[in-house]
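Reader: I would like to learn how to read side-chain features in a model. Please give the general idea each time, then the case at hand.

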Amino acid sequence: MGDGRWRTAGRWRTAGSALVRVVVVWAVSTLTMLALAGLLPDFQLQSDDGDSVTRTALTAAWGAGAFGLLGALVWPVIVRALLLVPALVLGLLVFFLNGSLLLIALWLIPDGRGAADPETAVVVAAVMSAVASATSTGLAVRDDDAYRRRLYRLADRKRPRAVTEGPEPVPGTLFLQLDGVGHRVLRDAVADGLMPTVADWLDSSHRLTPWRTDWSSQTGASQLGILHGSNEDVPAFRWYEKETGRLMVSNRPASAVELQRRAIERTGDGGLLTVDGASRGNLFSGGADQLALVLSMAARRGRRNRSRAGYFTYFSDPANAVRTAGSFVAEAAREVVQSIRARLRKETPRVSRGGTYPFIRAFATVVERDVVVASVIGDMLAGRTAVYADLVAYDEVAHHSGPHGHDTDRVLARLDRTLALIAKVAEHAPRPYRIVLLSDHGQSPGETFEGAYGLTLRDLVRAGCGLPVPRRVRRTRSGSEARDAARDALRSALHRPVDEDGGVVPDKAGPVVLASGNLGLISFPGVPHRMTREEIERRHPALLRTLANHPGIGFLLVASAEHGSVVLGRDGAEVPVAELADEGPLAVFGRGAADAVRRTDGFPHVADIMVNSMYDPVTGTVHAFEEQIGSHGGLGGEQSRPFLLSPVDFSAPVGAGAELVGAEQVHQVLRRWLRECVGPQVPLEISPPTSDAEAFLPVEDAVAPDKNN
């Protein structure tokens, strides 16, 4: 009986507190509207003949109330209707949609006393939404229940039932991936005071462990291995599959869903997150029930496809939409300023940062971050057992600004503040959470291959094959030498006709040349099998020699009818893969390079010629075969050394003196830690069941069970 009275009294206190907050926010919004009417000449709250102060205040109160109600009732409907609009466009539309709601609110004021130009309405709506959001948040700072309710609303969750007294709940695990942040970058950021949250964890509760990637040091290979336990036959970020003529690209939805399907078929397991898990902002699902911004889901068809569930739950709050849109514009402007500053200072190396890139950067560093973090917060407050989320801000900026410098330092500082927020929210979760911080790869700096030598890898390959190339390539030393060698070899060895531009008459299409950071892949689509060195030399006698002796190339991997497969280096260096060791052509690439190359050589879809750029161990630089001055994808330097930051409550990732190697081994470590959370993974009673979770999936149909149901 007493408990019932206590719960009733608690509900009345909650209702009263909520009513007070509504009144205060309404009053502050009214004052904001009055202030803006006095400051902006094209915004008025009075009739043409003028009104008394009381009448004007009532008009402002009416307009503020109508705007607030429209935001609460109409805004979610508008956002849901626009889910198929590209996310970048949706972010820019936020201001104009909010301004339209304000115009409607002014139209609803009796006697037509409210009016504003459309441009002014956008400004007024943005300011009022920001002020209302700040006021509401400030009132809820000391109210844990209100704070939780707000966070649940961001993630489209219902408030969970109270956990009954009894044994402490089994801890949940939160895996946060800082995309592209290498071991050295994290260590330096902590030492320089850029990441105080991570520094506190290292001092008190976590251990830092470096790990070594596979040859393909990129998110597609690493995250597939981490989440699904297998990255077999992922030779690069993009590659050509001869039997189907298909170009696989890790960050394309159709490729992502196929890679996930192959991994599940290979392992016979749904993934790391199959038990009460959530996957946020990743390329792959990991077998999770709860998905938002997961690329492998975006290939599915349906009204709610394209991985938009997370966007709706976040942007359905107009205050969030305005705040994120404002940050989006500020970040795009920041990129423009930083790019101009780099040009004025004549910083090198440097790549083009114009066109749509400022908006792409702003999306990665602001929109995706905000949506992913809101989803993670909701997952923790809903008591999810395991959550894996990817924060991509650093990786995107480092590609164009370089992995070290002022631009990336600011990104790291903002990421640390995000980690602090998540850790603070974890204190309000219905179960304790152990936070694991990790990265999928690092980044290595360096001028692009084209910037250093005046031609692309594709240009060099075509020149080495004796195929036509642009005049600018023929004027470079590398291009001229390659074409001369190809022409002489063809005339003397094959006696094949050469046209006046130096190109071979037949076979003008040439090979498929793809770039994945500083890893290049060359495939000959006209030959159904993996070509051998002997076959390539019969067709293009100068090609392998041209590539292997180029100063911007570290080594080649090619099949051989005589030796199985061989690694070719400069000055005629040649080592059969079966005898490969971390010396000879691979010496500068460090420990483990031979094993990584040997593993990739066994993939069914390895290219006819695998090309790794040079690596300077003194400067730590490589040459990317695409427009990136911070790159990853091959061997060489920091790109192959990501990190794993784990609570000391977990067992050590590897034994003393051992090394953590490959994404598949990282998967096994993370699985072990999930098992260590006091027995089997058991979802809390408050976690939504799978049938409810399917309502949040970006597809219309129910989730199809995998082979393990």
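**Reading the side chains**

Author: Start with a charged pair: glutamate 335 and arginine 361 form a salt bridge, with the closest N and O atoms 2.5 Å apart. A salt bridge is a side-chain nitrogen of Lys or Arg within 4 Å of a carboxyl oxygen of Asp or Glu. This is a predicted model, in which local features need pLDDT of at least 70 and side-chain atom pairs count only at pLDDT 80 or more, while totals for chains, interfaces and linings use all residues. Residues are numbered from 1 along each chain as its sequence is written, and side-chain values use heavy atoms, with hydrogens and water left out.

Reader: Which helices do glutamate 335 and arginine 361 lie in?

Author: In general, side chains of opposite charge can pair when their charged atoms come close. Here glutamate 335 lies in helix H12 (residues 318-344) and arginine 361 in helix H13 (residues 357-381), so the pair ties together parts that are 26 residues apart in sequence. Helices (H or I, at least four residues) and strands (E, at least two) are DSSP runs, numbered from the N terminus. Both glutamate 335 and arginine 361 are buried. Buried means under 20% relative accessible area, exposed over 50%, and partly exposed in between (1.4 Å probe, protein chains only).

Reader: How many salt bridges does a search of the whole structure find?

Author: The search finds 31. A network of salt bridges links Glu331, Arg334, Glu335, Arg341, Arg353, Arg361, Asp407 and Arg414. Elsewhere, aspartate 595 forms a salt bridge with arginine 598, the closest N and O atoms being 2.9 Å apart. These two are three residues apart in helix H22, so about one helical turn separates them. Aspartate 595 is exposed, at 51% relative accessible area, and arginine 598 is partly exposed, at 29%.

Reader: How is a pair of aromatic rings described?

Author: A pair of aromatic rings is described by the distance of the centres and the angle of the planes. Rings of Phe, Tyr and Trp (its six-membered ring) pair if their centres lie within 6.5 Å; planes under 30 degrees apart count as stacked, over 60 as edge-to-face and the rest as tilted. By this rule there are eight aromatic pairs. For phenylalanine 175 and tyrosine 388, the centres are 6.0 Å apart and the planes at 35 degrees, so the pair is tilted. Phenylalanine 175 is in strand S3 (residues 172-178) and tyrosine 388 in strand S9, 213 residues apart.

Reader: Are the rings of phenylalanine 650 and tryptophan 673 stacked or tilted?

Author: Stacked, because their centres are 5.1 Å apart and their planes at 5 degrees. Phenylalanine 650 is buried at 2% relative accessibility, and tryptophan 673 is buried at 0%. Ring pairs also link Trp215, Phe555, Phe589 and Tyr615 into a cluster.

Reader: Which residues touch the most other members of the largest nonpolar core?

Author: A nonpolar core is a set of buried Ala, Val, Leu, Ile, Met, Phe, Trp, Tyr and Cys residues joined through side-chain atoms within 4.5 Å. The largest has 59 residues, of which Trp215, Tyr388, Leu586, Val597, Leu644 and Leu670 touch the most other members. Among the elements that give two or more residues to this core are helix H22 (593-601) and helix H23 (663-676). H23 gives the largest share, six residues.
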